[in-house]
Amino acid sequence: MSPLEICLIISVCLLLFVVLFLSILLTSNKRKVKKLTKSINKYLEKGELTKFSTKDDSFAPLQNAVCDLENALEVQKQNTESETKKNTDFIADVSHQLKTPLAGLRLYLEMDNAQNPTEHTEKELQLVEKTEELVAKLLRLEKIKSDTYAMDFQFYEISEILKSILLDMKHIFPEKQFGVVGKSRMRCDKEWLTEALGNVIKNACEHTDNNGEINITIEENERSTIVTVSDNGGGVDKDDVGKLFKRFHRAKNAKPQSAGIGLAITKAIVEKHHGTISAVNTATGLDIIMCFPHIDGYQTI
């Protein structure tokens with residue numbers, strides 16, 4: 001065998017060795033990536049943290065970076081929960097302090113109104129009632145946001161929940177026209193979702209004329225249920241669209257009795273269902289769009 005042939009054989013063997021080595025390395029990295037991906041999914045679904053790697057290889061820094069990120073998110077989550085609880089406790093304390101003087105004020109006003117009823121005493125009673133309602137709604141909003149209320153998730157047909165809401169709305173707003181299109185069965189807390197949807201529909205009724213139309217569309221796909229409440233009330237000012245769900249925000253065309261809490265409560269309830277809510281002006285009115293992801297019972301977000 002000539003020296004050239006020997007060199008050629010050695011070169012081929014080296015090439016085969018390099019190819020084999022790269023193949024083994026690629027397979028090993030694929031296995032590590034798959035394992036890390038599984039670990040990340042466990043954190044997203046169940047909150048299980050990725051383990052810190054003590055190995056001295058090129059993949060360890062990536063795994064440890066993921067571990068650091070998850071721990072930073074947990075710290076941020078705990079800080080947010082702590083601040084939310086402090087805010088809720090503060091609101092609860094203030095609400096408690098307000099209830100006693102408001103109750104006393106109401107009592108004296110009722111006595112004055114019984115002995116000498118005037119336009120002023122009736123107006124004062126209405127203002128006290130409005131203040132009491134505002135305090136109760138504000139406390140309710142903060143308790144929802146801080147997870148004080150436990151959610152009872154079961155499977156319900158959304159169209160049936162809406163029909164029940166509309167029965168009540170027709171008594172309050174008999175001149176309005178209502179319509180529901182579509183169906184979807186999803187996991188939700190029936191009581192809280194009823195309040196959320198009811199707030200949106202009531203808001204639509206209050207912002208339409210006597211012949212107003214409120215149409216609710218339910219759309220379902222593989223991943224989510226989308227509920228859209230549409231009205232023909234002419235919409236809201238473009239500067240108000242992005243602020244409708246903020247606490248105490250009142251749109252420029254809001255009714256005098258509006259406190260700016262109802263849609264904020266709705267947003268908090270939708271978010272407790274891991275959903276999103278948004279508003280869009282249309283050619284005839286306003287669309288409130290609520291998107292609820294389909295999540296298995298064991299998953300958390």
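E132 counts as partly exposed, at 24% relative accessibility. That class spans the range between buried (under 20% relative accessible area) and exposed (over 50%), with a 1.4 Å probe and protein chains only. This is a predicted model: local features need pLDDT of at least 70, side-chain atom pairs count only at pLDDT 80 or more, and totals for chains, interfaces and linings use all residues. Residues are numbered from 1 along each chain as its sequence is written, and side-chain values use heavy atoms, leaving out hydrogens and water.

E132 forms a salt bridge with R106. The term means a side-chain nitrogen of Lys or Arg within 4 Å of a carboxyl oxygen of Asp or Glu. E132 sits in helix α3 (residues 119–145) and R106 in helix α2 (residues 60–115), so the pair ties together parts 26 residues apart in sequence. Helices are DSSP runs of H or I with at least four residues; strands are E runs of at least two, and both are numbered from the N terminus. R106 is partly exposed too, at 21%.

The count comes to 6 salt bridges, including these:

| Pair | Closest N and O atoms |
|---|---|
| E132 and R106 | 2.7 Å |
| E160 and K163 | 3.8 Å |
| K267 and E271 | 2.5 Å |

E160 and K163 are 3 residues apart in helix α4 (residues 158–172), about one helical turn. K267 and E271 are 4 residues apart in helix α6 (residues 262–272), again about one turn. Salt bridges that share partners join R106, E110, E129 and E132 into one network.

The protein has 6 helices and 7 strands. Of its 301 residues, 32% count as buried.
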